[in-house]
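Hi there,

Here is the structure I promised to pass on to you. Please have a look at it first, and then read my notes below.

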Amino acid sequence: MPRHLEERGTSESDCTSSSEGKVKLKREITLINGVAIIVGCIIGSGIFVSPRGVFAYCGESVGLSLVVWSLCGVFSMLGAMCYAELGTSILRSGGDYAYILEAFGPLTAFLRLWVALLIIRPTTQAILTLTFAYYIIEPIYQQCEPPDAAVRLLAALSLGFLTYINCRSVRWAMSIQDVFTGAKLLALIIIIITGIVCIARGETTYLKNSFQGDFKTEDITLAFYSGLFSYGGWNYLNFVTEELKDPHKNLPRAIWIGIPVVTFVYVFANVAYFTVVSPLEMLASPAVAVTFASKMFGVMAWIMPIFVGLSVFGGVNGVLFTSSRLFYVGAQEGHLPIIFGMIHFKRCTPTPSLIFTCVLSLVMLTTSDIYTLINYLSFIQWLWVGVAILGMMYLRWKKPYMPRPIKVSLAIPVLFFLCCVFLTVIPLYAQPMETGLGLLIILSGVPVYFILIKNKRKSATISSISGKITKELQKLLEVMTPEKEESLLTD
């Protein structure tokens, strides 16, 4: 570590321990911030753009689709309760990567990191930024499609801006998360209140005979799959546990507040949609919230695309924040270059991993195939959640005396794991080519692990070059390796 950084780190840094002079991540995420991360990461563009997926698979049954939205919220809550136990017994950032590492060792954890690094995280961020850019620009080009170059440029600029904010300060990043989570909730509250007013006026034509519909059992399973995709992000707070204040209390509290709020908002937003938007319009609309606004708000309908854009912007910030912590923890375990496991000596932000995350996403912005890739790998999210829950049950047997401030009934992880298996197996039959590609990408990490990670022997020349590059990057980015807290280590 360059001497001038060590000296400055112990004298000027506002993130050092006053008694030990150690640079480490600060616990700056409050309970409100935690709720904002959960709500902000779950509520993206889905509830505004495509509730029609659930509606279509429910055989155009309004009542059944509302039941599916409600049950998806309950299912997400069960999973979050399992993650509350994991997150309070294994106090490390990194989410399911950290839990899989603890339960099944480095190879399985590396494969989880590998697929997140290669596809899931950067493509998710790229798609979210493109969605944000589209809805911000769309009101300007009301008579035609926005230029592709303009959409991609704004997406890149927004991603760069959020990366800068996250590099500067955790508090700044959390302030953005709080503000934009409030904005998306405000938009949905406007929709819900408008729906209540319509119901009070007796406009309930589309809600009558709500359980009539031509639905099939196999299609309902796809409706649940579509609904659960919209609840994705319920476990993202577990990726930043090391920066959460009093995680034993605030992690479960944030979960118990955030997910019921999302469930309530999702269900009643759909009720509001069905009071105004006909079933045919629901199936034909590219963005249900925009159709809703155009019918109810007249000349002010332009505000809804703006709200959708703001909603997605907050989602980008949340995914960027948590992705960087995933790569940061992976680097600390030796699964990525050590530079990505360092933090800024003064600001206590994982600057290298944030920049790394941003660059990966910018690369994805250069291709339109990212939509196909993310669809190919959507089932992998549930595959790895299932592995993490399996690890939870394994740790109960392997390490029965591990401290567990929260311990849920065994029936909950068993039921949730079986549902994860179901959600993973269904795509194998429905989309064998896509899921096969996803599995191949996972397995491609095996030779990478044994060649680059497991085999620590390197030539003196490679080690020397690697060391020099790391030192120069440390000087450029003003970063250093943080001290680990003993309390974060498990038995």
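To start with the packing of two helices, α2 passes α11 in a right-handed crossing. A crossing is called right-handed if the near helix is turned clockwise from the far one by less than a right angle, and left-handed if anticlockwise. Helices here are DSSP runs of H or I with at least four residues, strands are runs of E with at least two, and both are numbered from the N terminus.

Before I go on, please keep in mind that this is a predicted model, in which local features need pLDDT of at least 70, side-chain atom pairs count only at pLDDT 80 or more, and totals for chains, interfaces and linings use all residues. Residues are numbered from 1 along each chain as its sequence is written, and side-chain values use heavy atoms, with hydrogens and water left out.

Back to that pair: helix α2 (residues 31-42) and α11 pack at an angle of about 40 degrees, with their axes 8 Å apart. Axes are lines fitted to C-alpha atoms, for helices over the stretch in contact, and angles run from 0 to 180 degrees between N-to-C directions. α2 and α11 are therefore oblique to each other (under 35 degrees would be roughly parallel, over 145 roughly antiparallel, 65 to 115 roughly perpendicular, and the rest is oblique). On the α2 side, the contact (heavy atoms within 4.5 Å) involves L31, G34, V35, I38, V39 and I42, and the residues of α11 that take part include R253, A254, I257 and Y266. By class, this contact of α2 with α11 has 11 nonpolar, 3 polar and 1 charged residues. Nonpolar covers Ala, Val, Leu, Ile, Met, Phe, Trp, Tyr, Cys and Pro, charged covers Asp, Glu, Lys and Arg, and the others, Gly among them, are polar.

R253 deserves a note of its own.

Among the residues in contact are Y97, I100 and F104 of α6 and F110 and L113 of α7.

Now for the chain as a whole. Its secondary structure comes to 21 helices and 2 strands, and 55% of its 491 residues count as buried. Of the contacts between residues at least 6 apart in sequence, 83% join residues at least 24 apart. P482, in the segment after β2 (479-480), is buried at 8% relative accessible area, and its C-alpha atom is 6.6 Å from that of I343.

How many disulfides does the structure hold? There are 0, taking a disulfide as a pair of cysteine sulfur atoms within 2.5 Å. C41 is buried at 10% relative accessibility, and C198 is buried at 1%.

Best wishes

Conventions: Buried < 20%, exposed > 50% of the residue type's maximum accessible area, 1.4 Å probe, protein only.
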